[in-house]
Every structure is written in structure tokens, then in C-alpha cells.
Amino acid sequence: MKNISFNKFYKPFNIISLLLIISSIALLVFKGLNYGIDFKGGTLIELRTESNTNISLIRDSFNQMNLGDVSIKKFGNDRDFVVKFEKQNSNDPKFIETIKNNLSNSLQNFDFRRVENVGPKVSDELLRSGVIAICLSLAAMLLYIWIRFEWQFSLGAIIALFHDVIITLGFFSLFSLEINLSIVAAVLTIVGYSMNDTVVIFDRVRENLKKFSDIKIYDLTNLSINETLSRTLITSITTLLALLAIFIFGGEILKGFSLAMILGVIFGTYSSIYIANPILVFLNVSQKTIIKEDKN
Amino acid sequence: MLYFSKLRIISVLAITLFISYFTVSNFLNFDDEFNSKNIKLGLDLQGGSYLLLEIDNQPVITQKLQSKLLEFKNFFNDQDILVRNFNIINNEIIFETEKDKIPSIINLLDDDKSEINPYFPKFKSHEFIFKNEENVFSLSLSDYGLVVLKSASLDQAIEIVRRRVDEIGTNEPNILKRGSDRILVELPGLEDPGRIKSLLGKTANLSFQFIVQNDEESFGTEKLKFEDGSEESIVSKRIILSGDNLIDAKPQMNSQTNETVVSFSLDRVGAKKFGKATSTGVGKRLAIILDGKIISAPVIREPIVGGSGQISGNFTFQTATDLALLLRSGALPAPLSIIEERTVGPDLGQDSIDAGIMSLIIGFVLVVLFMIIKYKVFGVIANLALIANLFLLVGILTIFEATLTLPGIAGIILTVGMAVDANVLIYERIREEIISEKNPIIAFDSGYSKSKTTILDANITTLIAAFILFFMGSGPVKGFSVTLGVGILTTLFSVYFIARLITSFYVIKNKEKGQLI
């Protein structure tokens, strides 16, 4: 077992986390999130050209079609592009065909690999159910940990969860990365993972609280973090290895998802140590806390 | 924790082999139903079209109110109750009566045995709810009445959608109800949904009505446009014949004019009606109307009595084929609109599968190598459990014929990364225990038992997230929650039965050796 004094850095890291949270919230409020068509409605076309194509050629062509604000991005290489615009007209069966025909005036040999068309009603519902899902999962975690631990622990775990979710979303806002359905899935998984990490350390804290009555919580959390450290690191590493494989080799569609997960795992690991535990210290958890609880 | 009875060993092996068998069967070809179970690929992996349709029930409600209005009128007339000024405003039927008739009308409407306003004891609700202000009554559909109406119209719409999709002949279409007014259509392998969208976007209400001069009709008239937008005509509101009486329709080449037409045949009632109308109407123009637009309006030269006829109207072979298909499959009860569409081409699907498998292999190899470097022999044991875990996971997905999506593959890879966690927790615990306990068997035993609650806690949290995602998520994301959730269960099984079994064999055999772990 290693013996690193994590507790010496509780304060500086708490300040950093606080700053990160504040700037993330500021970003979310003032800059907002870059919603994909899942949540904003509109049309997405992934197209592949036969040979490398200049993006401005495609942009000019789409701009002439009167589709409103069109965004075009390269998708992994110089042949694949993703085109997004707010106009969606799925009730006109020729809508996509017309776009294809217009495009063929300036572009030869291309293929629509993927077309998505989400109406405003559906996108509103998807957004609502995404938000509900995240809130529900936070509530469910809170409930679970409340049943399993004392309230001081639940508070610590939940604040750590919020920390991870908000900073991950802040990161997506800062770099204008797209938020779509798979990001919601990633956030939910992050919630599960972060909780998992926190619970492992908390289990040890509680065990040590029963064992040692003379160690202050400040040192006791440090002891528990050190005792579980190699597990924390190994699990984070294997999970990150798997996620990196998805990020690098899993194709463009899974890029956003795996990036969100990678961030979430890093923040989740960090917050279990530097957010959840300092809160136990702050709330002055002691042997009495758990013994009183056991009597009930 | 290290002791396994013979029975237990056998059952662990039997379960593992049984489930793993289905993983293997995915890659083999079998003819019978039991062995040929396969994981279904989601539309994002095999390519195809996903359409979400919403039904606009207003026409159905209006129609219901109109027919109910007539029923009320006749009913009160039969009861010798004076009612007048019937009207429909904002989905309410409104009528007036004499002051002294109010109580008897209320009685008739509010009675549990009411003939005109049926009462459903199960739902504690009449079909219509009513209010009266002085001598004016207004009736509107009750919540239950609306539900019944909507669900009937949705059922009917699904039937028609199914017929139209089947006529096109795509492979294994999936057509499902979604909520009270939506239909989900999944069309695997379909690359261009343009045609099916135009077919589903049409209500296909066909009627034959005479073209008339100004207001000479007692039924009333309406002004309708021609399909090509060229002109307008005044049409009698009397419907000679509607699409309901059609029994068949097909595209045909008219040998005389060399024009593509749609020929149709009528049932007996339809043939009779059509014969009668055409014999009295020789010389008149008969408009053929589809969804409020006139397709064509030929002049009747002679009575048509054989129960069959032709529709002409500048068709290409394709448009004639589509019209015939629409007429054969029948009219939708209300218009459908497409509110969500996702189409993936087959080559993108294949690329996604390749990328998914590639990252699975690489992720797996990295994790396996890491575990061997970190834990040596026990790393190998954890890796064996990991392999069994993958076989179990894919096997269970196969048994339930679950749909595998791209996020679903990501879920499997993530399972690979997180699955070793439980073994790591156990091994780390054993390393701690072994410091104070010299007997390796006891140390291993307590390592297993002391890490148990932690492992359960840690996995339950992820399972909660997967559950919520399953119920709230849609489409491909649901596939992720399935693999993630099932992955946790198979992980626990592989850690507590398979890895522990191998560990116990190894430890008991090598207990004399020094540092085991």
C-alpha cells in the first residue's frame, strides 16, 4: 500500500473544482450547449464523395438551396462530410431527393450515407426525456446511497456526481461539441461510474471508522483513499483503455460518446478522491456518525 | 468462499456452456428455430429506414361528431322532443331546446342505460359529457370516448400502413404502436425511403362524384382543384361510390389510347351503385377524386354495369402502380405525418460494424495485457473470466434475440473495461489480507467475503443508470442500456462463479508456494 498525502491537497483542489464548476455553469448559462438535431430538430445528412472534396464547394452548393442556416463539417476524413440545417420537411417525400439533385449539379459521384430528420415535436420530447432521465438517475443514486449509507455520505457522493456531470457538460459547451442522444447515454453512464468509484472508497471509510476510533476523519479518509488507490487506478485505467479503443477505432459516430465518457471517468475518479472525501471531513464524520445510525 | 461442491461446479459449467453455445450459433447456419437464434442488428448497423408517423385525429373526431349529430337529431325526433339549431363548434355538438324539455333531455343523456350516450361502468364515464346553459346544450367527447375513438383509428391506420408496406415488399418490416397517436415503422435494408414516404403520406380517400353546373344540386356542391393544378370544377357533394367498394386495382396499359391507366373492380354493392349512377348520368362528367383533388373527370358515354372500370389521368407506369397500390390497401382513417426519420445506408452500417468490432478487439487486447502484467497468474484467471463474460453476454443477447446497435457495441466494450473491476477489488483485498494472514486459503476466503458488499454496491449503481436509460432512452441508445445492464449481470456471474472456481483450484493446488498474489 502506498502512502500519499492526498489530504494535504484537499483545499487547493477544492478551490480548483469550485472554479471549474462556476465557469462551467457560466458557460452553460451564457454560451449554452450545441444541441444536435436530436434535441433541436432539423435535418442531418452524412455524405461521402468519391474523391477528396473541398468543403467550400459543398458549402456553396448547400447555401444556394435556401435551407436556412447550414452547418457543414468534415467527418473524419476529406471525403466524408456532415451537413446539418434546421429546415426539416419530412412530409415532402421529395425533400431529400431535391437536395440530392441540386447537389449533383456541382458535385459528382457522391452518396448520402445517413439521413436524419427530426421534427420539432419529437426533438422537444427527446430533450425533455433526456433531462428527465439524467435527473431520475441522480435521484435514484441519491436514494440508493441514502439507504446504504448515512446522509453525510450521500451528500458527498451526490455533490461529486453533480461536479462530474456539470464539468463534463461545461467542457462540451466550451468546445461547442455536439450534444445528442448518445451524450445523454454517456452522462448517465458517467453518473453510474462516478458513483461506483465513490462507493468503493466510502465503503472503506466506513469500515475504517468502525476499526479505528482514534484517527481523525481528515487522516482516515486519506488512509481509505490510499488503501483503495490501486483498485481505483487499475479500474480507471482498464476502463479508459476500452474507451480509448472506441474513441480511436470506433468511427466518427461514437467519437462524442467516448469523449464524454473519457472525461467522465477522469473527473469521476478525481471527484471520488477530492470532492466526496473532503465533504466527509467538512461534515466532521466520526465513529459516532455510523454507530448512532446503526442503533436506529 | 473458496469451497465449491461438485454439483455447483457442474451447474456453473453447464450454464456457461449452454449460454456460450448461443454465442457460437450466431456464426453458424442452422435451419431449426432453436439453433438459428441470432442477434438482430439494429438499423444503424444493417442499414435501413426508421420512420415515426403521427396521426392527425381531427378529421376522425369531426366525422364522429357529424355522425353523432345526426343520431342525436333522429333520436330526439323519435322521442318527440323538440330540438333545433344543431351545430358543431370547437369539437362540441350544440343544440337548443324548449325550457320544459330540459329535464327530460338531461335524463336521457345522463342515464346509465342511455341508448344515445352509452355509459361504461368500468371507466365510470359516458361516451359524451354535456353541459347546459338555460336551453342550450353542448356535448363533447369524454376522455374515455376520445381514447376509444383514437385507439380505433390508430388500429385501423396501422393495418393500412402494414398493407402498404407489405405491398412494397421490403424484408421484415417492423410496424409498432407508439403511444396513442403514433406509429413506428422500421424498414431494414431500405436505402431510399422516398417512395414509401409518399405512399404513407397519402390518405387515399377515393370517391366518384358528378361535376355539376352552379348550385343545381340538392346535396350541395364544393369547388375542387384538379391534381395537376390546371383548373377547378364544381362537384356535387353526393358521393356515387367510395374506395370502400373497391376490391382490386392494378396498373394497365390501355391498348387503344396507349396510355397507362389504373383498372379497378368493384364489389357487388359497388357495381350496382356504379351501374345505376352511370346509366342515369350518361353525358355527364364523373369526377374521380383522391384526397380532395380531382384526378380526372371523364364524360360518361354509356352505362358501366360490369363492376369494373378504368381511371386515366396522365399516369406514368410508376404513378399508376402507386395509385393502384393505395387503392388496394384502402384509405387511412386520418392523415399521417412523418415526424421523425432516420435512414442509414448499408455501407455505413457495415463500416460501423467493422469499426465496432475493431475497437472491441483492441480494447479487449489492451485490457487483457494490462491484467496479465499487473496480476500475472491471477490476471490470466481474470482474463478467462472476461472471455467467459463476453460469451455469456453475447449468448444472452442471442437467446432473447435482442437488437444490437452501435452504442450497444460500445456498451460491450465498456463492459470489458469495467468487468475486471470486481476481480481487481477482490485481488487487492486479498493482497491486504495476506499481510496479516499466513494461511493463503483463509486470506483468499476473507478477501472474497470482505469485498462482496463493495462489489454489489458498485455494480448496483451502474445497473440503476442502465435501467433508467432503458426506460427513458430510444432507439440505438436503448441498445446501449441493454448491453450495459446485461453486461453487469454476466460480470457478476463470471467473477463469482467462473473466476472464483478457477482461483480456488489454483490456490488449493499451490497453497504451499510462497507469495501467491
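View 1. Helices (H or I, at least four residues) and strands (E, at least two) are DSSP runs, numbered from the N terminus. From the C-alpha atom of B:Asp32 to that of B:Ile15, 17 residues apart along the chain, the separation is 22 Å.

Before you move on, residues are numbered from 1 along each chain as its sequence is written, while chains are lettered from A and ligands numbered from 1 in the order in which they are written. As the model is predicted, local features need pLDDT of at least 70 and side-chain atom pairs count only at pLDDT 80 or more, whereas totals for chains, interfaces and linings use all residues.

View 2. Follow the 8 strands in the order β3(A)-β4(A)-β2(A)-β5(A)-β20(B)-β2(B)-β10(B)-β9(B), with antiparallel pairing. (Two strands pair if DSSP finds at least two bridges between them.) At the edges stand β3 (70–74) of chain A and β9 (174–178) of chain B; each has a single partner strand, so one side of each is left without a neighbour in the sheet. From one strand to the next, the twist averages 20 degrees. Axes are lines fitted to C-alpha atoms, for helices over the stretch in contact, and angles run from 0 to 180 degrees between N-to-C directions.

**View 3. β5(A) meets β20(B) where the chains join the sheet together.** These antiparallel strands are joined by 5 bridges, with β20 of chain B spanning residues 336–344. Look for A:Val118, which stands opposite B:Glu340. The contact between the chains takes 57 residues from chain A and 57 residues from chain B. (Contact means C-beta atoms, placed from the backbone, within 7 Å.)

**View 4. Helix α4(A) has a buried face.** Which residues of α4(A) are buried? They are A:Phe95, A:Ile96 and A:Ile99. Seen down the axis of α4(A), these buried residues fall within an arc of 90 degrees, so they line one face of the helix. (The arc is that of the directions from the helix axis to the C-beta atoms.) The cover over them includes β5 of chain A together with α6 (194–200) of chain B. On the other side of α4(A), the exposed residues are A:Glu97, A:Thr98, A:Asn101, A:Ser104 and A:Asn105.

**View 5. β8(B) pairs with β4(B) and with β7(B).** Strand β4 (residues 92–97) of chain B is antiparallel to β8 (residues 136–141) of chain B, with 4 bridges between them. Here B:Glu96 has B:Val136 as its bridge partner. Strand β7 (residues 128–133) of chain B is also antiparallel to β8(B), through 6 bridges, and B:Asn132 stands opposite B:Phe137. In the hairpin of β7(B) and β8(B), 2 residues lie between the strands, and B:Glu134 takes a positive phi near 50 degrees.

Note on methods: Contact = placed C-beta atoms within 7 Å. Buried ≥ 20, exposed ≤ 12 C-beta atoms within 10 Å, placed from the backbone.
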